[in-house]
Amino acid sequence: MSSISIIIPVYNEEEGISAVLESFRPYLKKIKLDAPLLFVNDGSTDGSLAEIKTVCQNEPNCHTISFEKNAGLIAAIKAGFDYSTSDWVGYIDTDLPNNPSEFLFYELFLNEFDGWKVLKIIQNQ
């Protein structure tokens, strides 16, 4: 089965972690791919890491990477790419500027286009 990892970088977002997971539930119920969620804690100084561990405790498709100190968004995303073993990788900010179900759009094109072409299609809409 094909898979898509969703990278979710986190920096001092303790209050929003459970909302992120809840926002992904409809997407995870609909997607036909294996879709692990990968929270990347970017050296948060609040309780973000503890909250990630709490919400992921009962979620087999929820994974965590944690930096000891803040390395920045690009480093967090790169760590997610490096860790992922999925066929495809997506990314979304913790504050959810987009609906996670929008990733379902990609599923329609995975076998027809490479990721760059799919991104281009979305940008042109």
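Helices here are DSSP runs of H or I with at least four residues, and strands are runs of E with at least two, numbered from the N terminus. Hi everyone! What we have is a predicted model, where local features need pLDDT of at least 70, side-chain atom pairs count only at pLDDT 80 or more, and totals for chains, interfaces and linings use all residues. Residues are numbered from 1 along each chain as its sequence is written, and side-chain values use heavy atoms, with hydrogens and water left out.

Let's talk about salt bridges, meaning a side-chain nitrogen of Lys or Arg within 4 Å of a carboxyl oxygen of Asp or Glu. How many does a search of the whole structure find? Three.

Start in helix α3, residues 73-83, where K78 and D82 sit four residues apart, about one turn of the helix. Their side chains meet in a salt bridge, 2.7 Å from N to O.

Now over to helix α1. E22 and R25 are three residues apart there, and their closest N and O atoms are 2.8 Å apart. R25 is partly exposed at 28% relative accessible area; that label covers values between buried (under 20%) and exposed (over 50%), with a 1.4 Å probe and protein chains only.

R25 also meets E59 in a salt bridge, 3.0 Å from N to O. E59 lies in the loop between α2 and β3 (62-67), so this pair ties together parts that are 34 residues apart in sequence. Together, E22, R25 and E59 form a network of salt bridges.
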